[in-house]
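Have the model open while you read.

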2 protein chains.
Amino acid sequence: MEAPTPADPSTFSIAAVEPASTPGFEGDKAAGEALLKTERKELGDLQEKLWAESRFGGRKRVLLVVQAMDTAGKGGILRHVIGGVDPQGISIAAFKKPTDEELKHHFLWRVEQRLPEPGMIGVFDRSHYEDVLIGRVRKLAPEDEIERRYDEIAEFERRIVDDGVTLRKVMLHISQDEQKERLLERIDRPDKHWKYNPGDLEERALWQDYQTAYQVAIERTSTDAAPWFVVPADRKWYARLAVQRILLEALRGLDLAWPEPEGVDWDRERQALLAT
Amino acid sequence: MEAPTPADPSTFSIAAVEPASTPGFEGDKAAGEALLKTERKELGDLQEKLWAESRFGGRKRVLLVVQAMDTAGKGGILRHVIGGVDPQGISIAAFKKPTDEELKHHFLWRVEQRLPEPGMIGVFDRSHYEDVLIGRVRKLAPEDEIERRYDEIAEFERRIVDDGVTLRKVMLHISQDEQKERLLERIDRPDKHWKYNPGDLEERALWQDYQTAYQVAIERTSTDAAPWFVVPADRKWYARLAVQRILLEALRGLDLAWPEPEGVDWDRERQALLAT
């Protein structure tokens, strides 16, 4: 599979991304699932090195931001991609509707607190982008405030990247028809009823507004250091494979190596151990 | 495999547990690994139900406490057992040497803050038991203080169990010879050097003191509501299987069911969705 390409803010058009496509991958579902499994091992190994480096003062960490319309498969990404990594190396932060406490602070306050520590792969299940997505669509803040947020986000992300965070932002892109199928399943299967929220239909009715909000957010905040990837997600297997590969490429780019503790005389340690 | 049996405080003897044994399981490594895989699915399904219940006000959660001598395989349990569950349903807290801030508080303070939320499986990688293990062996507190801690732990655990926590405590029990092999591997393999700490040999020299500290802690705090399981751990595959089964039995005992949201007219939702 080819490495997924980030959204170029000068040419990007969300409408041009076909949700059922599988860019960079020629195989079928079975081949995709097989490759997912194969590449998982390398991802796990690299995360362990990332962790090992952090034990010796390394500041590197990875942050994956995942945004999507309802039912687009965020949960599946967490289960099938993130679930393939040692859970000791993962920190997941799910951002819901802000609490009263959170609303008292700047919108980036709660996000800053949940950044991954060195050595970790952090995942944001929704994120500060909600404040320019639902925030814009539902007019939860004045227009000029929303406008300001794009720049504040870009500035914030530049700062954390400078501090050792490798940031990758993913939008899982499904079609409206596919969402209908997935919501129908939640309605028709009693074991899925708990996942269904009548409010989902209200959000669905605002589909085009959300697409516009994503378009603007991606144009304004996709940078070399903090790129957005719009991942076609009508085929769950492809979305998982693509997101895993995005993470894998990010970790490959970190030049990780097993750290060597200084000042340890290994022969002496060996003798001391054997004498016990 | 038979369900692992908890330590009976009136008869328990750590010296009588053979670290290389595989109680309750007759099969070999390959059979054990196959069963681990089979039972993983049920564990994952039950955790999802636990989570679903919590979305509708359920208070249930599970807490697995894992204690062990160095190299006994805590990391492997996290990777291979906990790693089999959806990472969204897992919260791991690793307790290291207390910070200055933590030392200002009661020893249970930091533990209380890391309890799993409803719907989650929490894992304590080391725990409040360090305060009666290394605390006792290294005399980090006066004898009467250590003595008091057993009762405080029992009281604390009773309280959290009453609040909806299903608590299971595991000691991974390895032999001194097996530890030697595993430390040797860390010394001999450059890619494992980062895991090696010369201080490990000092702890190893106190082996018998630690065994006594475990014996006393288990006698004093293994109860029906908060049982200890001493899991033979010289065979990593067996320890993983046993711990997975301990979790599985705990979840099976919770009578979990898919919640049914009240007041939703599914036919009407279906029609409304189809009209979009």
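A residue counts as buried here when its relative accessible area is under 20%, as exposed when that figure is over 50%, and as partly exposed in between. Keep in mind that this is a predicted model.

**A charged pair inside one helix**

By that cut-off, Arg149(B) is buried, because its relative accessible area is 10%. What does its side chain meet? Arg149(B) pairs with Glu145(B) in a salt bridge, at 3.1 Å from N to O. Both residues belong to helix α6 of chain B, and they are 4 residues apart, about one turn of the helix. Over in chain A, salt bridges with shared partners tie Glu39(A), Glu42(A), Arg245(A), Glu249(A) and Arg252(A) into one network.

Staying with chain B, Asp163(B) and Arg61(B) form a salt bridge, with the closest N and O atoms 2.7 Å apart. This one links distant parts of the chain: Asp163(B) is in the loop between α6 (143-162) and β4 (165-173), while Arg61(B) is in strand β1 (residues 61-68), 102 residues apart. Are these two partners buried or exposed, or in between? Asp163(B) has 37% relative accessibility, so it counts as partly exposed. Arg61(B) has 6%, so it counts as buried.

**How the two chains are related**

Now step back to the pair of chains. Rotate chain A by 180 degrees, with 0.0 Å of shift along the axis, and it superposes on chain B with an RMSD of 0.0 Å. The two copies are therefore related as by a two-fold rotation axis. The same surface serves both of them, as 100% of the contact residues of chain A recur in chain B.

**What the interface is made of**

How many residues does the contact take from each chain? Chain A gives 42 residues and chain B gives 43 residues. Between them, the chains bury about 3,900 Å², and carbon and sulfur atoms give 67% of that area. On the side of chain A, Trp194(A), Trp266(A) and Leu273(A) lose the most area to chain B, together 19% of what that side buries.

Across the interface, 14 residue pairs are in polar contact. The elements of chain A that give two or more residues to the side touching chain B are α1 (29-55), α2 (74-80), α7 (176-188), α8 (199-204) and α11 (266-274). Sorted by class, that side has 23 nonpolar, 5 polar and 14 charged residues.

**Salt bridges across the interface**

The whole structure holds 58 salt bridges over all chains, and the count between chain A and chain B is 6. One of these joins Arg79(A) to Asp86(B), at 2.8 Å from N to O. Why does this pair join two chains? Arg79(A) lies in helix α2 of chain A and Asp86(B) in the loop between α2 (74-80) and β2 (90-94) of chain B, so the bridge runs from one chain to the other. Arg79(A) counts as partly exposed, because its relative accessibility is 35%. Asp86(B), at 13%, counts as buried. Glu48(B) makes another salt bridge, with Lys195(A).

Here are the individual pairs side by side:

| Salt bridge | N to O distance |
|---|---|
| Asp163(B) and Arg61(B) | 2.7 Å |
| Arg79(A) and Asp86(B) | 2.8 Å |
| Glu145(B) and Arg149(B) | 3.1 Å |
| Glu48(B) and Lys195(A) | 3.8 Å |

Terms used
Residues are numbered from 1 along each chain as its sequence is written. Chains are lettered from A and ligands numbered from 1 in the order in which they are written. This is a predicted model: local features need pLDDT of at least 70, side-chain atom pairs count only at pLDDT 80 or more; totals for chains, interfaces and linings use all residues. Side-chain values use heavy atoms; hydrogens and water are left out. Copies are superposed by least squares on the C-alpha atoms of residues with pLDDT of at least 70 in both. Contact means heavy atoms within 4.5 Å. Buried area is the accessible area (1.4 Å probe) that two parts lose on being put together, summed over both. A salt bridge is a side-chain nitrogen of Lys or Arg within 4 Å of a carboxyl oxygen of Asp or Glu. A polar contact is a pair of N or O atoms within 3.5 Å; within protein, one must be able to donate a hydrogen and the other to accept it, and residues adjacent in sequence count only if both atoms are side-chain atoms. Ala, Val, Leu, Ile, Met, Phe, Trp, Tyr, Cys and Pro count as nonpolar, Asp, Glu, Lys and Arg as charged, and the others, Gly among them, as polar. Buried means under 20% relative accessible area, exposed over 50%, partly exposed in between (1.4 Å probe, protein chains only).
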